[in-house]
Number of protein chains: 2
Amino acid sequence: MVVGAGFAGLGAARELLEAGLSVQVLEARPRVGGRTLTRYLPDGTQLDLGGQWIGPTQHRIRELVDHFGISTYPTPAHGDPVVDIGGERLASPPREVDSLLEEIDLLALQITPERPWDAPEARAWDQQTFASWLAGTEYSETVIRYVARVVSGGLLAGAPAEASLLETLFYVASAGGIQPLMGYEGGAQETRIVGGAQSIAEHMADELPPGVLRLAEPVTAVEYDSAGARLTTTTHTYTASRVIVAVPPTLAARIRYDPPLPALSDGALQRTPAGGALKVHAVYPAPFWRDRGLSGMSTSDSGVLTETVDNTPPNSPRAVLTGFVYGDEAVLLRGRSLEERRRIVLERLGELFGDQALSPDDYVEFDWMAEEWTRGCFSGHLVPGSTVTFGPALRTPVEVVHWASTETATEWNGYFDGAVASGRRAAEEVRAALGR
Amino acid sequence: MVVGAGFAGLGAARELLEAGLSVQVLEARPRVGGRTLTRYLPDGTQLDLGGQWIGPTQHRIRELVDHFGISTYPTPAHGDPVVDIGGERLASPPREVDSLLEEIDLLALQITPERPWDAPEARAWDQQTFASWLAGTEYSETVIRYVARVVSGGLLAGAPAEASLLETLFYVASAGGIQPLMGYEGGAQETRIVGGAQSIAEHMADELPPGVLRLAEPVTAVEYDSAGARLTTTTHTYTASRVIVAVPPTLAARIRYDPPLPALSDGALQRTPAGGALKVHAVYPAPFWRDRGLSGMSTSDSGVLTETVDNTPPNSPRAVLTGFVYGDEAVLLRGRSLEERRRIVLERLGELFGDQALSPDDYVEFDWMAEEWTRGCFSGHLVPGSTVTFGPALRTPVEVVHWASTETATEWNGYFDGAVASGRRAAEEVRAALGR
């Protein structure tokens, strides 16, 4: 029995079915795809409101894309990026930024993603926030602010004090380094999906035998012992020999377990809040920025938008500029009205790409933190001081209950690929336990 | 309608009833008292397994104790305390410890407990863990380790990296300083309750009119709008004009709300995990430590027990030595068997108080983190980087839903007194909203 039809749950179900096991996937929403959601405006303009990219070393998701014959396209980059740093406008980050990122990369090499708590300095790294570590380096305030925003925001979707140095390095290590994480070409933002990223999950769901997937059935309770489990949804009950809970930790904690989860398991779920990113989209008649020689990509050390990108699919009726808001700015925006948020975001787009950005046809935002069945994006991270102590419990099975979700992944943690990997790993645990 | 019959919920109910409002209190457990639990061994020896102390500036709880005519007694202190620091055994902490505590006190003076996010250095203090701040002081490693253990452990029930400097200072400020918090005589551990601390809550419950309190009815769902709410428990449904959710934040997040809570409210609940203390009790035929001139009180910078105390009530058939385990040590102990935990704890008691400590009649522990309807003690704290951003949302009402719990208190946050204060504050909000 699998709880959740995101990439982790669907990945687990595929693996279990391949092993000849009978599977049921229970999903709270009336749709699959978890933190992906592709929406079309009336004229057919496509918006990916959640996760949207895949990269070259994400082999699991690439395999699925190929398997389903899904077409992809490179992230549009018709022109120069804007790097707005220290009041200057550059086409690439200054050398000091690369040098600081290399330092992070070097530290991350000391981490074995399966066991970050075993790193030689794990305890010391877990005790300090990434913000504190940055403040202790010899770089300028400008370089530190920029790196804090693009790493803690752009990668972990939070503020630089919300994760420890250890958790940040673990995240980098799980992706194989900073460059694979941050890059467009050659990196995790290289490739987009024709039809939107959610379509990968939809294909996975379509391939399930009839009756396996039950939508709009939130699981409210899991009764379990060493022999099996009984799951209660809002409409039915099910029995199973094993359960894979494939939802983000903060949602996994909201299911009622009987017996209650052991202290360390529950403690780990409590200590893995979901990230706080806001993704906003401005839709224009045409990609006007390209006429100015700009790619639409930007990174900034100030302003509400840490990152922007040209998010226009090929043959789109209209052009899409997408911005990302993280950390304190995301919290501040959430305290404003939609009208104010729109004004603040568009003013910043205007500063970056010119006055034409001020008047889009459409302004679309979607707050995953307000979504009952997600509660934050991109993904959750163990809070400072918790990776060493509570980290191991995050994926330790409890009797017949196993844990999946990109948060439990040791490769590409936080990405589709990590989600699929976590589902497969949990399915392997189940296969091994059942002797299949 | 009040969810939870701990001190916050019962405090709220009293206030609402006094205002002439009709009230229902729904409690998940078959008992009242939240994080207090008084248990008697077969011979009548009393153990307070949860919260147990009150102090001189905790006026609200003192008023209740006086109102009910409950007797109290001073925490036993027949002899000298042991301060085990840097391998030395002293009768009081070295001057450097007091000096570091005074520094903390001075910083805490800059905090207005109602608005810690407005402190001049709030942002900088929220960005660093208390551990990082300590490491940056000029004190010796020994002094830092000792203070980390007694402040982050003894007060916030966690590791020094689990709370920011800001959250730690807020906690100190909410109690009026380090001395009121840490002291026995003149401090928060001065006074114990005859019959156990849970009896205060039981008296509060007994004074409620018949039918107000419903036990063993966990609230599973709250539907609400601007006009009122409907609550669903495991057995009934109720309607109400206003709701006070008076449970710890991590439990408040596990109720299903319709509509789902706004992003910032849910984000705040996600970012307030419960503390991880373990309280252990060894029961002996007699308080043998007193014969050696020892009070049974100890604080240590090493070993599994950060603190111990003589917990023997007056006229008790047997003597009780109670130990507190925090942070990493508490996590490590949870990974051991009961037998191993017992051995480790008793060995440490033996080191502190002599070989007689090795062979108690009884060894009793109770893990609040394993309790479904608590999930950690003493209380929850906003994680690093969250106080400034998510702090305000922790007690901001959502339509007709109000928030109580000692975690939302601005005076004596984390104590019974703060819990009662939070219940009264939420009740005042309800009164004001209803024009009563």
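In which sense do β5(B) and strand β9 (residues 191-193) of chain B pair, and over how many bridges? In this predicted model, the two strands pair in the antiparallel sense, and the pairing runs over 2 bridges. One residue pair can be named: I54(B) has T191(B) in β9(B) as its bridge partner.

The pairing belongs to an open sheet of 3 strands in chain B, ordered β5-β9-β6, with antiparallel pairing. The edges are β5 (53-54) and β6 (72-74) of chain B; each has a single partner strand, so one side of each is left without a neighbour in the sheet.

## Strand β19 of chain B

Strand β19 of chain B spans residues 319-325 and is mostly covered, with 7 of its 7 residues buried. The burial applies to both faces. On one side are A319(B), L321(B), G323(B) and V325(B), and on the other V320(B), T322(B) and F324(B).

Two pairings of β19(B) can be described. Strand β16 (residues 278-284) of chain B pairs with β19(B) in the antiparallel sense over 7 bridges, and here V283(B) stands opposite V320(B). Strand β18 (residues 307-310) of chain B also pairs with β19(B) in the antiparallel sense, over 4 bridges; in this case V309(B) is the residue opposite T322(B). Both V320(B) and T322(B) lie on the β19(B) face that also carries F324(B).

## Contact between chains A and B

The size of an interface is often given as the accessible area lost when the parts come together. For chain A and chain B the buried area is about 3700 Å², with 51% of it on carbon and sulfur atoms. Chain A gives 46 residues to the contact and chain B gives 46 residues.

There are 10 salt bridges between chain A and chain B. One of them joins R254(A) to D266(B), with the closest N and O atoms 2.9 Å apart.

## The chain A side

On the side of chain A that touches chain B, the elements giving two or more residues are α4 (122-127), α5 (130-135), β15 (256-258), α11 (263-270), α13 (327-334) and α15 (387-390). Helix α11(A) supplies the largest share, 5 residues. By class, this side of chain A has 20 nonpolar, 14 polar and 12 charged residues.

Conventions. Residues are numbered from 1 along each chain as its sequence is written. Chains are lettered from A and ligands numbered from 1 in the order in which they are written. This is a predicted model: local features need pLDDT of at least 70, side-chain atom pairs count only at pLDDT 80 or more; totals for chains, interfaces and linings use all residues. Side-chain values use heavy atoms; hydrogens and water are left out. Contact means heavy atoms within 4.5 Å. Buried area is the accessible area (1.4 Å probe) that two parts lose on being put together, summed over both. A salt bridge is a side-chain nitrogen of Lys or Arg within 4 Å of a carboxyl oxygen of Asp or Glu. Ala, Val, Leu, Ile, Met, Phe, Trp, Tyr, Cys and Pro count as nonpolar, Asp, Glu, Lys and Arg as charged, and the others, Gly among them, as polar. Buried means under 20% relative accessible area, exposed over 50%, partly exposed in between (1.4 Å probe, protein chains only). Two strands pair if DSSP finds at least two bridges between them.
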